[in-house]
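Have a look at the model first.

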Amino acid sequence: MTWEIRQARPDEYDAVGDLTVDAYTHDGFVRGEYAMTLRAAADRAAKAELWVAADSDGLLGTVTYCPPGSVYREIGLEHEGEFRMLGVAGRARGLGIGTALTSHCIERTRELGLPRIVLSSAVAMTTAHRIYERLGFTRLPERDWAPIPGLDLYAFSLDL
């Protein structure tokens, strides 16, 4: 299978939103109004960087990279890159798409000359945690947090 990672096109924003919601719903990670945030791909593209993995048949996965100054940042300090909302389409699971999109975010952080990348991940997202740990991320427990009661997020970081 041949695929590429590139910025999402405006005509793909609805599909990116659907893919993100579907990926989070598949794993049981959508709560309350968060589905609206996941679906808001056009807003993410305008206020952050919206990346996709795609092949000739369509979208395989997506991630939102949040450079310094982006309103989508949650835990990143000004000298850190951050990414959020990593999602992989059901048909592409197990193909390394999540790893490739995470690696892309690492490279994007290097391109921006930032010395560290951080992210938050729900405690139950153990498959994603394995990807992050395999790529060298370590837990950053002093930045763990809960955006709403009952939704605990682990923080991870990677020094570059």
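This is a predicted model: local features need pLDDT of at least 70, side-chain atom pairs count only at pLDDT 80 or more; totals for chains, interfaces and linings use all residues.

## Around helix H1

Residues are numbered from 1 along each chain as its sequence is written, and side-chain values use heavy atoms, leaving out hydrogens and water.

Helix H1 covers residues 13–26 and reaches 20 Å from its first C-alpha to its last, close to the 20 Å expected at 1.5 Å a residue (1.5 Å times one less than the number of residues). Helices (H or I, at least four residues) and strands (E, at least two) are DSSP runs, numbered from the N terminus. Among the buried residues of H1 are Tyr-13, Leu-19 and Tyr-24; buried means under 20% relative accessible area, exposed over 50%, and partly exposed in between (1.4 Å probe, protein chains only). The cover over the buried residues of H1 includes the elements below.

| Element | Residues |
|---|---|
| Helix H2 | 34–39 |
| Strand E2 | 49–55 |
| Strand E3 | 58–65 |
| Strand E4 | 80–88 |

Helix H3 also belongs to that cover, and Ala-46 is found in H3. Ala-46 is exposed, at a relative accessible area of 64%.

Stepping back, the chain holds five helices and eight strands, in the order β-α-α-α-β-β-β-α-β-α-β-β-β. Buried residues make up 50% of its 160 residues, and its C-alpha trace spans about 40 × 35 × 30 Å along the principal axes.

Methods
Contact means heavy atoms within 4.5 Å.
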